Amino acid sequence: MPTITVGDLVGRRVVDRSGAVVGTVQDVVVRRTAPGIYEVTGLVAGRSALAGHWGYGGSLRPPTPLRGVLRWMRRHERHVRWEQVAAVEEGVVRVAVDAATLDRWWHGREPD
Amino acid sequence: MTVPDDDARPEPMRLGFTALDRQIYDADGRSVGKVDDIELSWDGTAARPVVTALLTGGAALGPRIAGRPGRLWAALLRRLRPDAPEPVRLPIGGVAAFRPAVRLSSPAPAEVWAVEDWLRDHVIGRVPGAGRADDNGR
Amino acid sequence: MRRLLGFTLGFLTAIGGFLDIGDLVANSLVGARFGMSLAWVVPVGVVGVMLFSEMSGRVAAVSGRATFDLVRERMGARAGLVNLLASYVITLLTLAAEIGGVALALELASSVHHLLWVPVVAVLVWVVVWRLPFSWMEQTYGLLGLALVAFAVALWALGPDWGALLSGALHPAPPPGEAWSAWWYYAIAVFGAAMTPYTVLFFSSSGVEEGWTARDLARSRLNVFIGFPLGGLLALAIMGCAAVLFQPAGVRVEHLSQVTLPVAAALGRIGLVVVLVGVFAATFGAALEAALAGGYGVAQYFGWAWGKNRAPASAPRFHAVLLTTLLLATALILTSLDPIAVTEYSIVLSAAALPLTYLPILVVANDRDYLGDRVNSRFTNILATAYLALVLVVSVVTIPLMVYTKAGQ
């Protein structure tokens, strides 16, 4: 069965239907559907790897002074649902829709 | 020591954030290494890939550090030397929990300990006192 | 009564363990050349190292994991590797400087050339790490390092003009004949000497090795908040001694013998013996910590078994790295480079690498997954972010300044 690694996916360019660059793959989103089964539900695409590590919605809170800076650095971040991925090619992930229609948040809600 | 099984919740989680680069302990509590990469596979007709294994070891970490050129290089090497070291593969079925660190439900496969055993037998273990932990003298 | 003893032991160890060859050389050199005009850098450095040591210790006590262990988890493999490389190289250089410092102290005591002492020192460091228990190790060199209080006694005995010293400290500007660029360069040196990366690396891992829990947190905080400032006062005493003895004569400090001269001048032979014991203990302790920090960093990045307390056979890769680090540092010093010069470079480069080594600590200390609700308070975050900005500026400025002033000429 065909396999790919997360390390291989992360860093690939993400382009939308019209060929515009959305960003690079920052992370892979999975959901536990059954014990031991973790299904890929989507990708996180963005431009800043450093800011991405501060993980909104996760357990990592940015220190107050940096919160605004990090929010600004992560303004390009988008969530690509797996169904919206048209093809995974060498170095590129092609998305079937336009960049403007992509979800903003990977976890479905505004971060605190 | 029981590990909280936060992953029982069906909420989405970011693999890079929660699983990648985490410390792996086996069932005996020994340090196995870090999650150097995660393998995803398409199973038959299912549209969405699933996580099939955790990869650890230098062969898995190398391509991640070097980025895309590193992966191309590793692929080239594999083609030239078919018996090149493969990363250690830990099937997802053997993972008991992800947070706060990855815990396996069984002892780690023997290949993980290759370098450790060699060093123990040939270098460190030869020095007197290698087998004794520090007595605290309190 | 026993608790009081244990508590005193803790912060006494912190004082003795705070100073190393970098502080001795930097403060003495600066005092001789610039008087007390750079005294303000010491409190800035002390507050910084207190802040990040507290964070480091808190992470160890609450999560049971060492800070560096968590750096790769939080920042990713690539950022973690950059951090590791920077920390390792700096720590290696520092270790070489400390071994050189111990050898110099032995040379002063015995008149045997320091290069002959270097292999002896390296073997001694390794034997102590291999066999001596942690607490024993820390307490011994911590308490013996207190002998450095001879600098404070010497300063008082020299009967300086306290008013002049104070006014020198309150007027931060280079004395006549010295350029601002050199002054700022040495400000960075004193800062880097106070905020050495191996301190926080070691502090966190040793906390895990000693099995700190949330209960030990209060005690470790007290050690840091009382011990480090007192260590800072000793650093200022070293600066003052040099300022009093050397600055009026325009003599520059270039040898360890000059660093200890004020004590010999003020307190005679007894004073010299005491201060040499102190120098030996402080630099030897720092060498132990730096060697261990090198091993901790590499082992924790790759997820190997690590620990000084456990049987070496159960953590062979960690011990192999430790041994290699020690051999590399010894080789470096055996190339007969001047240990004082190595020290200067190690502290300045430490200052340049501070953002790489300190940012991850700040990131980890804000993660609820590891710390629960013991994450940084808003005040800590504001202060730490301010320091981050400071170390970023310092880091950017250091190398150009080093080139421009030809390393402080």
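## Basis

The model is a predicted one, and its local features are described only where pLDDT is at least 70, whereas totals for chains and interfaces use all residues.

## The interface of chain A and chain B

In the predicted model, 39 residues of chain A are in contact with 31 residues of chain B, and the two chains bury about 3100 Å² between them, with 59% of that area on carbon and sulfur atoms. On the side of chain A, the residues A:Val6, A:Arg32 and A:Tyr38 supply 19% of the area that this chain buries against chain B, which is more than any other three residues give.

Polar and charged groups also take part: across this interface the rule finds three salt bridges, as well as 16 residue pairs in polar contact, both residues of each pair being at pLDDT 80 or more. The elements of chain A that give two or more residues to the side touching chain B are β1 (3-5), α1 (6-9), β3 (21-34) and β4 (37-46). Sorted by class, that side of chain A has 17 nonpolar, 12 polar and 10 charged residues. A salt bridge is formed by the side chains of A:Asp27 and B:Arg14, with a distance of 2.8 Å from N to O.

## Strand pairing between and within chains

Strand pairing also links the two chains, for β3(A) and strand β1 (residues 13-14) of chain B pair in the antiparallel sense over two bridges. In this pairing A:Val30 stands opposite B:Met13, a residue of β1(B).

Within chain B, strand β2 (residues 23-25) and strand β3 (residues 31-34) run antiparallel and are joined by three bridges, and B:Gln23 stands opposite B:Lys34 in β3(B). β2(B) and β3(B) form a hairpin with five residues between them; in its turn, B:Gly29 has a positive phi of about 85 degrees.

## The form of chain C

Chain C has 17 helices and zero strands. Its radius of gyration is 20 Å, close to the 22 Å that the globule rule gives for 409 residues, so chain C is as compact as a globular protein of that length. Taken along the principal axes, the box that the C-alpha atoms of chain C fill is roughly 55 × 50 × 45 Å.

Methods: Residues numbered from 1 in each chain as written. Chains lettered and ligands numbered in written order. Heavy atoms only, no water. Contact = heavy atoms within 4.5 Å. Buried area = accessible area lost by both parts, 1.4 Å probe. Salt bridge = Lys/Arg side-chain N within 4 Å of Asp/Glu carboxyl O. Polar contact = N/O pair within 3.5 Å; in protein donor to acceptor, adjacent residues only side chain to side chain. Helix = DSSP H or I, 4+ residues; strand = E, 2+ residues; numbered from the N terminus. Nonpolar A, V, L, I, M, F, W, Y, C, P; charged D, E, K, R; others polar. Pairing = 2+ DSSP bridges. Rg over C-alpha atoms; globule rule 2.2 N^0.38 Å.
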